[in-house]
Amino acid sequence: MTTPRPVGPAIVARAVNSRLRVGRLTQTGQAITLTQTDGTTCGPTCLLAARLLLAPGERVAVTGDLAQEVTASPPGREGKQLVSVLSRQQLRLQRVMNVRGLGVLPWPRALGSTPWSVARQMTEIASTCTPGGGRRRYTVRWVSDHGPAWGSEVASIREVLASGLPVILVSGGPLVLDDVSEGEPTARARLRASLARTPAVPRHYVLALPWQTIEQDDPGEGSVHIYEPSSGSVRPLDLTVPCDPYRPGPRELGGWPRVLAVVAPENSSW
């Protein structure tokens, strides 16, 4: 059965004014900034962004029944309806992922999504949404962004992006970031400083974007364009600039100081 297509300009995803905008992009009120619907859906939102940007057919973002639902919105409310539609998409994708979040075992929604379920979804997206198809299997690679091999890791990430495929980065840090404000009671300050020295744990997903896909220039050696789902921003970030691992990190990583894992095609040069 042929999937019905919406009437009028396609709903697309595009980087506009340092934001990832989704909509028809022809009139005011028809497009929205894609952001995560709650604190647990950063992973699904990155996957949704990847799918919207890579989908064939002029990068159609929403097809079939969802597109018809947006098209049927009252005049001037298409953007608001699109927020609801994309929010439901995130939650539905999260449910699918978490059924097998740990192999055959489920994963609790309160803890977001696992890197392995994200990798499985990225494999599906890359296989169905890139020209020529093919099975580009994404895998999880744990990395040390403060080690001597980090420079070559960044170069490999950029090679994948140059080929037209996105890469997901897992950012994180200690249980508590050492951002004690002046005047905070000494005992509390000591507790925060102690927690800030705990091992780094995964906390957030961001999406490194192929610059040609988002119609941007190559950001330069060591740098990548990052979509950050809590704000919907698209900004370049130099991954080779060291960060204090115990203090808040760049906003492009969701405020976390470390890159702990990379979700990328296994046949890259790693």
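**Figure 1. Confidence of the predicted model.** The average pLDDT of the protein is 85, and 79% of the residues score at least 70. The structure shown is a predicted model. Across residues 1-7 the pLDDT remains under 50, and the model has nine contacts beyond four places in sequence for this stretch. Where pLDDT is low, the predicted coordinates should not be read in detail.

**Figure 2. Helix α6 and its surroundings.** Helix α6 comprises 13 residues, 150-162, and its first and last C-alpha atoms are 18 Å apart, close to the 18 Å expected at 1.5 Å a residue. Its buried residues are Trp-150, Glu-153, Val-154, Ser-156, Ile-157, Arg-158, Val-160 and Leu-161. The cover over these buried residues includes the strands β4 (138-142), β5 (167-173), β6 (201-209), β7 (223-228) and β9 (258-265). After the helix comes Gly-164, which has a positive phi near 100 degrees.

**Figure 3. Salt bridge between Asp-218 and Arg-158.** The side chains of Asp-218 and Arg-158 form a salt bridge with an N to O distance of 3.0 Å. Because Asp-218 belongs to the loop between β6 and β7 and Arg-158 to helix α6, the pair ties together parts that are 60 residues apart in sequence. Arg-158 is buried, at a relative accessible area of 15%, whereas Asp-218 is partly exposed at 40%.

**Figure 4. Salt bridge between Glu-266 and Arg-137.** The count of salt bridges in the model is six. In the pair formed by Glu-266 and Arg-137, the closest N and O atoms are 3.0 Å apart. Glu-266 is located in the segment after β9 and Arg-137 in the loop between α5 and β4, so this pair ties together parts that are 129 residues apart in sequence. Both partners are partly exposed: the relative accessible area is 46% for Glu-266 and 45% for Arg-137.

**Figure 5. Helix α5.** The end C-alpha atoms of α5 are 20 Å apart, in agreement with the 21 Å that its 15 residues should span at 1.5 Å a residue. Eleven of the 15 residues are buried, and the helix is thus mostly covered. Among the buried residues are Pro-115, Val-118, Met-122, Ile-125 and Cys-129.

**Figure 6. A nonpolar surface patch.** Leu-102, Val-104, Leu-105, Trp-116 and Trp-142 make up a nonpolar patch on the surface, and together they have about 550 Å² of accessible area. Leu-105 is situated in the loop between α4 (78-99) and α5 (115-129). With a relative accessible area of 49%, Leu-105 is partly exposed.

**Figure 7. The loop between β8 and β9.** Gly-254 lies in the loop that joins β8 (233-238) to β9, and it is partly exposed at 33% relative accessibility. Beyond residues up to four places away in sequence, Gly-254 touches His-204 and Glu-228. Arg-251 and Glu-252 form a salt bridge whose closest N and O atoms are 4.0 Å apart; Arg-251 is exposed at 54% relative accessibility, whereas Glu-252 is buried at 10%.

**Figure 8. Loop residues with positive phi.** Asn-17, a residue other than glycine, has a positive phi near 50 degrees. Asn-17 occupies the loop between β1 (12-16) and β2 (19-23) and is exposed at 71% relative accessibility. Glu-215, which is not a glycine, has a positive phi of about 60 degrees. Glu-215 lies in the loop between β6 and β7, and its relative accessible area of 53% counts as exposed.

How values were computed: Residues numbered from 1 in each chain as written. Predicted model: local features only at pLDDT ≥ 70, side-chain atom pairs only at ≥ 80, totals over all residues. Heavy atoms only, no water. Helix = DSSP H or I, 4+ residues; strand = E, 2+ residues; numbered from the N terminus. Expected span 1.5 Å × (residues − 1). Buried < 20%, exposed > 50% of the residue type's maximum accessible area, 1.4 Å probe, protein only. Contact = heavy atoms within 4.5 Å. pLDDT = per-residue confidence, 0-100. Patch = residues over 30% accessible without salt bridge, like charges linked within 9 Å, V, L, I, M, F, W, Y side chains within 5 Å. Areas by Shrake-Rupley, 256 points an atom, 1.4 Å probe, with all protein chains shown as cover.
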